[in-house]
Amino acid sequence: MKYTLDEYIDKIKLLPIKNKYTKEEILTQDFLIDKDNYLEIYYAPHNEYINPNAKIFIVGITPGFQQMSTAIATARDGIEQGKSVEEIKYDCKVAGRFSGSLRKNIINMLDEINLNKSLNINSCDELFKERDYLLHTTSLIPYSVFSKGNNYTGHSPKLMKSEFLMKYVHENIRENIEKLGYVLIIPLGKAVEEVLDDLVNKNIIKEEQILRGFPHPSGANAHRLTQLRDNKDNMMKIIENYLK
């Protein structure tokens, strides 16, 4: 069930060179991986690079369409420049990981709980730039999932109750954890926390690795700043204990 850039590079090469694509251009049969009723999974190339030296591990649910579009556009540009597959995988990671407003919201919230100070950096913006050797990111499902044509949010169906989706989760998250050391894991929202709970119960990760209470950064989460304030003190203690 693992799909790689090597398999899709010829299909990406057929796309026009653009900064971003429309759904009509890339939500096509060429990039469709799997389907179950109203759920569809499409290939996205930015979760293949794994940074084994990371200290911070941010985990989302699935790349949204914007991240998929950005990653594929980056891959297309890399192909045009004659870059190697491994170079393109890294470039896709850098460009696609929580791109857009999601990344901005994540950075602002991480700075609010002083992760930047604990890492001795000015802002967590640096984790996505010159200090990205400290960061690894992935999504539970490494490819883009759509429910009735919309970005999948972990509900409808509930992630943990979907055998169809969880088979991708188990394979991907285990591979990432096996290649990482003892990292601080930041789950983006409750749906991710539930999967991490299962990994704790199976002794795959430790409870103290999880930064619990970090809100999902989507602008659609109107309560994220309230949730951040409510959980701020506890999250700062977790960070302090992890990085001491």
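Pro157 sits in the loop between β6 (150-151) and α7. Helices here are DSSP runs of H or I with at least four residues, strands are E runs of at least two, and both are numbered from the N terminus. The peptide bond from Ser156 to Pro157 is cis, with omega near 0 degrees. Ser156 lies in that loop between β6 and α7 too. Its phi is near 50 degrees, a positive value in a residue other than glycine. Ser156 counts as partly exposed, because its relative accessibility is 46%. The cut-offs: buried is under 20% relative accessible area, exposed is over 50%, partly exposed is in between, with a 1.4 Å probe and protein chains only.

Before I go on, the ground rules. This is a predicted model: local features need pLDDT of at least 70, side-chain atom pairs count only at pLDDT 80 or more, and totals for chains, interfaces and linings use all residues. Residues are numbered from 1 along each chain as its sequence is written, and side-chain values use heavy atoms, with hydrogens and water left out.

Back to backbone angles. Lys148 has a phi near 55 degrees, positive although the residue is not glycine. Lys148 is in the loop between β5 (144-147) and β6. Buried or exposed? Lys148 is exposed, because its relative accessible area is 63%.

Now helix α7. Asn172 lies in this helix. Asn172 is buried, because its relative accessibility is 6%. What does Asn172 touch, not counting residues up to four places away in sequence? Thr138, Ser139, Leu140 and Pro142. Contact means heavy atoms within 4.5 Å.

Lys179 is partly exposed, since its relative accessible area is 43%. Leaving aside neighbours within four places in sequence, Lys179 is in contact with Ile50 and Pro52. From Lys179 to Asn53 is 9.1 Å, C-alpha to C-alpha, for a sequence separation of 126 residues.

Next, pockets. Rolling a probe the size of a water molecule over the atoms shows where empty space is left. On a 1 Å grid over the protein atoms alone, a pocket is an open set of points where a 1.4 Å probe fits, with protein on both sides within 12 Å along at least five of seven lines; lining residues have an atom within 4 Å of a point. Grid points are joined across faces, edges and corners, and a volume is the space filled by probe spheres set on the points.

The largest pocket has a volume of about 840 Å³. Its lining has 40 residues, and the closest to the centre are Ile61, Leu102, His216, Pro217 and Ser218. Which elements supply at least two lining residues each? α3 (65-80), α4 (85-96), α5 (101-112), β4 (135-139), α8 (190-201) and α9 (224-243). By class, this lining has twelve nonpolar, 24 polar and four charged residues. Ala, Val, Leu, Ile, Met, Phe, Trp, Tyr, Cys and Pro count as nonpolar, Asp, Glu, Lys and Arg as charged, and the others, Gly among them, as polar.

The second largest pocket holds about 200 Å³ of space. It has 13 lining residues, and Lys2, Asn47, Glu48, Asn172 and Glu175 are the closest to its centre. Helix α7 (residues 163-179) gives the largest share of this lining, four residues. The classes here are five nonpolar, two polar and six charged.

Thr4 is placed before α1 (5-13). Thr4 is buried, because its relative accessible area is 17%. Beyond neighbours within four places in sequence, Thr4 is in contact with Tyr43 and Glu48.

On to Ser99, in the loop between α4 and α5. Ser99 is buried, because its relative accessible area is 7%. Gln66, Gln67 and Thr70 are its contacts, leaving aside neighbours within four places in sequence.

Last, the core. A nonpolar core is a set of buried Ala, Val, Leu, Ile, Met, Phe, Trp, Tyr and Cys residues joined through side-chain atoms within 4.5 Å. The largest one has 80 residues, of which Ile58 and Leu159 touch the most other members. Leaving aside neighbours within four places in sequence, the contacts of Ile58 include Phe98, Ile106, Leu110 and Phe128.
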